Amino acid sequence: MTRDDLRRWIADYERAWRTAGTEPLGALFAPGASYSPGPYEPAHVGLDQIAAHWEAEREGPDEPFAMDAAVVVVEGDTGVVRVEVHYDGPPAQDYRDLWIVTLAGDGRCTAFEEWPFWPEQPLAADGR
């Protein structure tokens, strides 16, 4: 994978998030891909589980948000991306995420892991 490959995949991901339904997921993710919404969250495995997760997490194609992504590093078939997302709301919400993305030779993702962070998120298990 190159940085340009990963940038293309990110652009396709954002476009798919902004598209009604889950049809574009087949071009983004391999059939047996895993999608982890957080470092300690169970992964959604396979297109059906990923599609169900997407439908549960987003409001729809008209959901107002802005996204900015920067590739941090690419090593072999895996890349790390820093992503900032602002949802207009209500309520407005900002996220800073790290994505760990593994792409197959055909450009589809085989493993996606998100590390989401947001203002007022506790930094420790005891809420501090």
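Modeller: Patches are made of residues with over 30% relative accessible area and no salt bridge, where like charges are joined within 9 Å and nonpolar side chains (Val, Leu, Ile, Met, Phe, Trp, Tyr) within 5 Å. Accessible areas come from the Shrake-Rupley method with a 1.4 Å probe, and for residues only the protein chains shown count as cover; a salt bridge is a side-chain nitrogen of Lys or Arg within 4 Å of a carboxyl oxygen of Asp or Glu. This is a predicted model, in which local features need pLDDT of at least 70 and side-chain atom pairs count only at pLDDT 80 or more, while totals for chains, interfaces and linings use all residues. Residues are numbered from 1 along each chain as its sequence is written, and side-chain values use heavy atoms, with hydrogens and water left out.

Colleague: Which residues make the nonpolar surface patch?

Modeller: The patch covers about 250 Å². One member lies in strand E6 (residues 109–117), strands being DSSP runs of E with at least two residues and helices runs of H or I with at least four, numbered from the N terminus. The residues that make the patch are Leu 98, Trp 115 and Phe 117.

Colleague: Is Trp 115 buried, exposed or partly exposed, and why?

Modeller: Buried means under 20% relative accessible area, exposed over 50%, and partly exposed in between (1.4 Å probe, protein chains only). Because its relative accessibility is 31%, Trp 115 counts as partly exposed.

Colleague: In which sense do E5 and E6 pair?

Modeller: Two strands pair if DSSP finds at least two bridges between them, and E5 and E6 have 8. Within this pairing, Asp 97 has Pro 116 of E6 as its bridge partner, and in the hairpin, with 5 residues between the strands, Gly 107 takes a positive phi near 90°. The sense of the E5 and E6 pairing is antiparallel.

Colleague: And in which sense do E1 and E6 pair?

Modeller: Strand E1 (residues 29–36) is joined to E6 over 4 bridges, and Tyr 35 stands opposite Phe 112 there. The sense of this pairing is parallel.
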